[in-house]
Amino acid sequence: VQLQASGGGLVQAGGSLRLSCAASGRTFSSYTVGWFRQAPGKEREYVAAISWSGGSANYADSVKGRFTISRVNAKNTVYLQMNSLKPEDTAVYYCAATTRFTVVAGDYDYWGQGTLVTVSS
């Protein structure tokens with residue numbers, strides 16, 4: 001599975017962005033997809049994950065109620081809708097895929113290249 005994240009950019013605090021994770025491969029619908037982020041000088045952290053069917057989703061406490069993860073398997077795409085953005089959301093965002101439903105970065109087998117989100121105050 002190859003993944004490509006897109007949709008990042010510069011936005012003011014309180015604004016919104018939608019990230020996309022486009023995948024290649026026929027078996028994409030079999031994979032859990034997660035979003036992670038890494039801010040400058042910080043470790044990569046978990047953001048959200050969605051099961052292969054879209055029936056289960058999980059969020060980090062820091063984004064719960066503001067971010068929504070969704071997927072359209074027919075389009076091989078997972079989305080991360082980010083609302084009420086804060087300066088502390090500034091990071092490079094990565095999507096990743098795995099066969100299990102997990103929030104642990106080390107359990108993900110495939111990673112996209114990342115897209116930069118910058119939130120100005």
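Arg 44 lies over the face of Tyr 94, at 4.2 Å from the ring centre. Arg 44 also lies over the face of Trp 111, at 4.6 Å from the ring centre. A charge sits over a ring if NZ of Lys or CZ of Arg is within 6 Å of the ring centre and within 35 degrees of the ring normal.

A word on the source: this is a predicted model, in which local features need pLDDT of at least 70 and side-chain atom pairs count only at pLDDT 80 or more, while totals for chains, interfaces and linings use all residues. Residues are numbered from 1 along each chain as its sequence is written, and side-chain values use heavy atoms, with hydrogens and water left out.

Let me turn to the aromatic rings. How many aromatic pairs does the structure hold? There are 5 aromatic pairs. Rings of Phe, Tyr and Trp (its six-membered ring) pair if their centres lie within 6.5 Å; planes under 30 degrees apart count as stacked, over 60 as edge-to-face and the rest as tilted. One of these pairs joins Tyr 31 and Tyr 110 edge-to-face, with 5.8 Å centre to centre and 85° between the planes. Tyr 31 sits in the loop between β3 (17-24) and β4 (32-38), and Tyr 110 in strand β10 (residues 110-111), 79 residues apart. Strands here are DSSP runs (E, at least two residues), numbered from the N terminus.

Are these two residues buried or exposed? Tyr 31 counts as buried because its relative accessibility is 10%, whereas Tyr 110, at 31%, counts as partly exposed. Buried means under 20% relative accessible area, exposed over 50%, and partly exposed in between (1.4 Å probe, protein chains only).

Phe 36 and Tyr 46 also form an edge-to-face pair, at 5.7 Å centre to centre and 70° between the planes. Phe 36 lies in strand β4 and Tyr 46 in strand β5 (residues 45-50), so this pair ties together parts that are 10 residues apart in sequence. Phe 36 is buried, with a relative accessible area of 1%, and Tyr 46 is buried at 14%. Ring pairs link Phe 36 and Tyr 46 with Tyr 108 and Trp 111 into a cluster.

Finally, the core. The largest nonpolar core has 35 residues, and those with the most contacts inside it are Trp 35, Leu 80, Met 82 and Tyr 93. Such a core is a set of buried Ala, Val, Leu, Ile, Met, Phe, Trp, Tyr and Cys residues joined through side-chain atoms within 4.5 Å.

Methods:
Helices (H or I, at least four residues) and strands (E, at least two) are DSSP runs, numbered from the N terminus.
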